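Have a look at the chain below. Then work through the questions one at a time.

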Amino acid sequence: MLPPIQTLHRTMKITFLHALLIAVCSVAATAKNTEAQQILNREVSVKFSNTNLRLALVEIEKQAHVRFVYSTNFIQSDKIVNLQANHQTLALVLSKLLLPNQISYEVVEEQIVLKRTKEGVSLLAAPGQETSNSAAVAEDKVSGAVKSDRGEGIPGVSILVKGTTRGTVSDPDGRFSIAAQRGNVLVFSFIGFTTKEVTVQDQTTFDVQLSEASTSLSEVAVVGTRGLPRTDVDRPVPVDVISAKELQGTGQIELSQMVQFSSPSFNSAKTAVNGVANYADPASLRGLSPDQMLVLVDGKRRHQFSGLNLNVTVGLGTVVTDMNSIPSLAVDRIEVLRDGAAAQYGSDAIAGIVNMGLNRSVGKLTFKTQYGVTKMGDGASSLGAFNYGFKLGKPNSYLNVSLQYQHSDATDRSDNYIPRPVAGGAYTGIYSNTPATDEATRASRGVWPAYGTFKVGQYGSNKTTAYQAFYNLGMPLAKNWTLYSFGGVSLKDVAALGFFRVATPANVNSTPELFPDGYTPELPGRNEDYSTVIGVNRKVLNGWNLDISTGYGFNSLDLQANNTTNPSMGAASPKNFFVGRSAFGQSATELNMSRNFKGFMNTKSFNLALGAQYRVDNFILERGSPESYLVGPLALSRGKAPGSSGRPGIAPEDETNTKRSNIGVYADVETDITDRFLVAGAVRFENYSDFGSNVSGKLAMRYKITNGFSVRASINRGFRAPSLAQTFNSVTTSTVQAGAIIQTKQLPNNNPNLAKVGIEQPTAETSLNYNVGVTAQAGSDFLFTLDAYQIDIKDRIILSERMIVNNIAALKPLFPGISEIRFFTNHVGTTTKGIDFVTTYKHSFSSRSRLNVSLALTLNQTKVTNQRATPSLLQAGTTAKILVIDTVSIGLIETAQPRQKAHLNVGYQLGKVSLNWRVSYFGGVTAWEKPASRPHITQDFSAKTLHDVSISYAPSSKFTFTIGANNVTDVYPDRVALNFAGYSNGQIPYSRNVNQFGFNGAYYFGSLSLTL
C-alpha cells in the first residue's frame, strides 16, 4: 500500500534539525510534564574545563540522548564554561550550566529549547509573539510570514531587529509579528537556510522567503518510511536524495538523463533503431530489469508505458515507466530508494523505488531556456520551461503549474555503407549479392556513389518534439484537512528509423517496383500521456493521520510506418501505413492511515500504519490500417514478407482490451525502541484477479553507535506481478538478429495451444533482498554511507527464444502458417550482488565561498543461477535440445549494463560565479551474438570516463547564465567489430544491444534561468 507521503511534504528537502524544530513548535503546548521529568532525571557525568558552551551541549546531547535547539542570535554558544558533575541528573547539570549564563530552557519531546533570560525576562518570544527588554515600544507593528523556496511556512525562524535585543520566532505556520519602524533592519535566520536581512519600508505586512543553504548535508527523505522523515544517518535503508538544483545542474533536458548522471545505481541510456525503446527510455536500478523498479510521483504509483520492448536490448520483454513525460521544473526533488520495498509499496519494487517529489512553491516565477548542440554539429536541442505557483487565498495553499517545450534534432553516427565489411565475408549489395552485377547496376542507376562514401540510413538519437504540462495543487479545508491534486499531460512525437532495405529482387523485404534503389523505413510515433490524482489528507499531532485518494493514468503509443512498403503487395503497396495503437490505463484508489503511539511499551516512538489499495489495469491493442498486416499475393508466389516492412501492423486477431484488478492491504510498524535502536517492519497481502495472491514482508533496523555513526540492515521478500502487456500482447514484429530481418509471432499466454506444450501462464516473480550498511556524519561537513546487498529472484519472467515451428515437432500441428513463436514464462532464477558507496563533503568558507564535493559509486554483478527444465510436452518428438533461453538473452541480463558506475562531482561557488566539474565512470559491458549455424560470439566494450564542466554567472538573484559541455573530452563507446553481423554493413557502429552511456559524443550548451 502506498504511504501517506502527501502528509509529509512540509518537511521534504529540509535539514533534520528543521524537521525536529517543526515538531518542537507543533507539540510544545501538549508535552506532558511527566515525560519532561523523565528526561530531566537522566544521569550524566561531565567535566568541562575552559570549554565553549557549544561543545559542552554536544557532549550532554550524547550522554542524555537529547537535542538542544537554540538560536545563536540569542545564545552565545562560544562562551567559556567550567563544570564537573558525576552521575548527576540532567536537571541539576542544566541548572548549574545554564542559569549562571542567563539561559533558561523548556523540554519539548526529546528536545530542549534554550532561551536567553535577562533580568528575569525571556528574550525568546512565544512563537509569533515579540519580546523586548524595554517596558514600552514606540515602533509600529510589522507582520507577515516566513516561507521556503517552495512557498511553505517555516516555523521556528529567528527574527531579530538588528542592533537591538528585540526579537521573536515564527509560529508553526511561519507567521510572525514584531515592533519595528521604517528603516529598521530585520534579520531572519534559521539553521539550514541562508540568513536574510530585510529593511522595513512603509509596508506593515510582508512575506519573507528564505533559501536553503547549499551546504546542508542532512537531506530528509520520506520514501521508504511511514514514520518520521529521516536523514542519511538515521535511515534504516539507503536513499539518494537529488535536489532540483542538482538535477538542473547536469545540463540534461530530460529527467531520466538527469538522474542517470546523478545516481550511480540508476541506469538509462539513449538507444536507436530499437523498436519500442525508441519511444521511452529503458531505466533500471541496481542492474536489474526496468520493470523491477517502481516509480512514484509524490508517493503515488505512476502508470507504465503502453509499449512492450521486443528488441534485443536491455529490458527485453519488459514495460518501462516513462519518467520523461513529466516536465523537469515540476519536480522539486527525486528520492532513489535502493532497497526492495514491495511489502510497503506493492508490485515491482524489487530493485527499489524512484519517487519524484513535486514542486509546491508559490509566488515565484521560474523560466528556463536552453540550447545545445553536439560537437558533430547535429542533435541541436532547445528547451523552454516555465513554472509558477499561485496562492489560492488560504495559508499554505498552492497551485503550482509547469509548462515545457522540448525539441531535439536527430543525430547520426552511422558509418558509410560497406557491402563486404570483412574480407572473405558475405557480400550484401544494394542491387545484388553478386559483386559484379551489383557494381554494374549501381553505376548504371547513378543514384549511389562508390561504396564506402555514402550512408544509407541514420543511427543516433531520434528527432523528438514534446509538449508537456503539469500541476500540483493543495488547499486547506477544515481544521487539519487538506485537499490535494496533481497531474499532467505529455504529447511527444518521436521520429525513429528502421534498417535500410536493399533493392535486391530476391530479398524478402525489397520492393523494386516502388523503391528501385532501396529504402529506409521511417517509424514515427506519437506518445500521449495523461494522469491525475485527487485526494484529501488529515494531519494531526495526536490521533490517526489519514490519506484518501484516487487517481488515473493513461498512456498510448500510435505508430506509423512511412517511406516503406508491404513487400507482399508489390507495386500495389502504399508507402505509408498506420501500424496501430497500444494503450495502458491504470486507476488506483487507496486509504492510508498512520499514528505514532509515543511511549507505547516504553519505546521512544511507535508508528503504526495501515492501508488498502484497489487498482485496475487496462491493456489495449488496436489494429492498424489493413495494408499494414495484409498478406499479399507475392507472399506465396515470390516469398515476400507480409505487412508493412519495418513494423508490421497489429492485425484484427491481435487486438485486445484486457482488464485486471487487484486489492492490497498492508500493515507497517516503525519504532525507536531506544534513542539509538530503530526497528521497522511491514507485511502486505495482494490478490490479483488473473493469477492469484501474494504475501510480501520486510524487516529493517538501524543502530546508532554514536550520534554520527550508525549501522543498518534489512531483509525483505518482494514480488513483481506479470504485466498485462506481457501476458496479453499479441503482435507480429520485425527484428534484426545476426543480420537477418525476420518476423516473429509473440503469443498471448491465454493461447490454448501453449498449455498443450506445457507452457503455463506466468505468475509473480518473487525475491529476497538483503542489505547491510553503515552511515557516518562528521560534523556539518562530511557524510558517507556504505551498503552491501544481495537480491535473489525466483521465477523471473523472460521472453522465450524464437522457436522455429518447423524445427519443433510439438509445434507443427498447433501453429500452421507461423514461422516462429515467442511467449512469456517464469523460467530463470538470478542473483545480484553489489556495493553502493556515497560520500559528501560540503563546506562554507564564507557567505560568498562554498565548496560541495560528492563521490558515489556502485559495484554489482547479476548472474543467472538456475533455469527450469524445458517442458517435456514441448521437447517431445524433437531430438535437439530446445532452449527456452539462450546465451544472447542471458547476456542481456548479466552483462549488457555496466557492473561499475561512479560519479565524482565538485562544485565551487565564489560570489556570483559557480563552477561545476563532474566525472562519470561507466564500467565495461559485453554484447552477445549468435550467428546462424555457429557458436555464439561476444564482444567486450571497455569502461569509459566522461567529464562534464559548466560555469554559471548570476548577476542578480533573478538571472543565472550557464554555459557548459557534457562529455567535454568527446568520449565514445568502443565500436562494434566489423565481423559482427550487428555492424549491419556500417549502419550500427555502436552496439544497440548494450546500455552503457550513449554514443553522441561531446555536447555543448548554454542556458538562461529567470526567477521572479
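This is a predicted model: local features need pLDDT of at least 70, side-chain atom pairs count only at pLDDT 80 or more; totals for chains, interfaces and linings use all residues.

Q: Is Pro505 buried, partly exposed or exposed?
A: Its relative accessible area is 49%. Buried means under 20%, and exposed means over 50%. Pro505 therefore counts as partly exposed.

Q: How far apart in space are Pro505 and Lys640, C-alpha to C-alpha?
A: In sequence, Pro505 and Lys640 are 135 residues apart. In space, the C-alpha to C-alpha distance is 9.9 Å.

Q: How far apart in space are Asn563 and Ser644, C-alpha to C-alpha?
A: Asn563 is found in the loop between strand 27 (545-561) and strand 28 (577-596). Asn563 is partly exposed, at 27% relative accessible area. Ser644 is 81 residues away from Asn563 in sequence. The C-alpha atoms of the two are separated by 10.0 Å.

Q: How far apart in space are Lys930 and Val888, C-alpha to C-alpha?
A: Lys930 sits in the loop between strand 44 (925-929) and strand 45 (937-941). With 35% relative accessibility, Lys930 is partly exposed. Lys930 and Val888 are 42 residues apart in sequence. From C-alpha to C-alpha, the distance in space is 7.0 Å.

Q: Is Val273 buried or exposed?
A: The relative accessibility of Val273 is 9%. Buried means under 20%. So Val273 counts as buried.

Q: Is Met601 buried or exposed?
A: Met601 lies in the loop between strand 28 and strand 29 (605-622). Met601 is not a glycine, yet its phi is positive, about 55°. Its relative accessibility is 65%, and the cut-off for exposed is over 50%. Met601 therefore counts as exposed.

Q: How many salt bridges does a search of the whole structure find?
A: A salt bridge needs a side-chain nitrogen of Lys or Arg within 4 Å of a carboxyl oxygen of Asp or Glu. The search of the whole structure finds 41.

Q: How many residues apart are Arg720 and Asp291?
A: Arg720 forms a salt bridge with Asp291, with the closest N and O atoms 3.3 Å apart. Arg720 is in strand 33 (residues 709-720), and Asp291 is in the loop between strand 16 (284-285) and strand 17 (293-297). Both residues, Arg720 and Asp291, are buried. The pair links distant parts of the chain, 429 residues apart.

Q: How many residues apart in sequence are the parts that Asp970 and Lys375 tie together?
A: The side chains of Asp970 and Lys375 form a salt bridge, 3.6 Å from N to O. Asp970 lies in the loop between strand 47 and strand 48 (1003-1011), and Lys375 in the loop between strand 21 (365-374) and strand 22 (381-390). The pair therefore ties together parts that are 595 residues apart in sequence.

Q: Are Glu686 and Arg684 buried or exposed?
A: The side chains of Glu686 and Arg684 meet in a salt bridge of 2.6 Å, N to O. As for cover, both Glu686 and Arg684 are buried.

Q: Which residues do salt bridges that share partners join into one network?
A: Shared partners link the salt bridges here. The network is made of Asp240, Arg286, Arg338 and Asp836.

Q: Which strand gives the most to the nonpolar patch?
A: The surface patch covers about 600 Å², and Val913 and Phe961 are among its residues. Strand 43 (913-922), strand 46 (944-953) and strand 47 (959-966) each supply at least two residues. Three residues come from the top contributor, strand 47.

Q: How many polar residues are in the lining of the largest cavity?
A: The largest cavity holds about 740 Å³ of space. It is lined by 36 residues, and those closest to its centre are Gln252, Gln257, Lys270, Ser461 and Asn1000. The lining has 10 nonpolar and six charged residues. The number of polar residues is 20.

Notes
Residues are numbered from 1 along each chain as its sequence is written. Side-chain values use heavy atoms; hydrogens and water are left out. Patches are made of residues with over 30% relative accessible area and no salt bridge: like charges are joined within 9 Å, nonpolar side chains (Val, Leu, Ile, Met, Phe, Trp, Tyr) within 5 Å. Accessible areas come from the Shrake-Rupley method with a 1.4 Å probe; for residues, only the protein chains shown count as cover. Helices (H or I, at least four residues) and strands (E, at least two) are DSSP runs, numbered from the N terminus. On a 1 Å grid over the protein atoms alone, a cavity is a set of points where a 1.4 Å probe fits but cannot get out, and a pocket is an open set with protein on both sides within 12 Å along at least five of seven lines; lining residues have an atom within 4 Å of a point. Grid points are joined across faces, edges and corners, and a volume is the space filled by probe spheres set on the points. Ala, Val, Leu, Ile, Met, Phe, Trp, Tyr, Cys and Pro count as nonpolar, Asp, Glu, Lys and Arg as charged, and the others, Gly among them, as polar. Buried means under 20% relative accessible area, exposed over 50%, partly exposed in between (1.4 Å probe, protein chains only).
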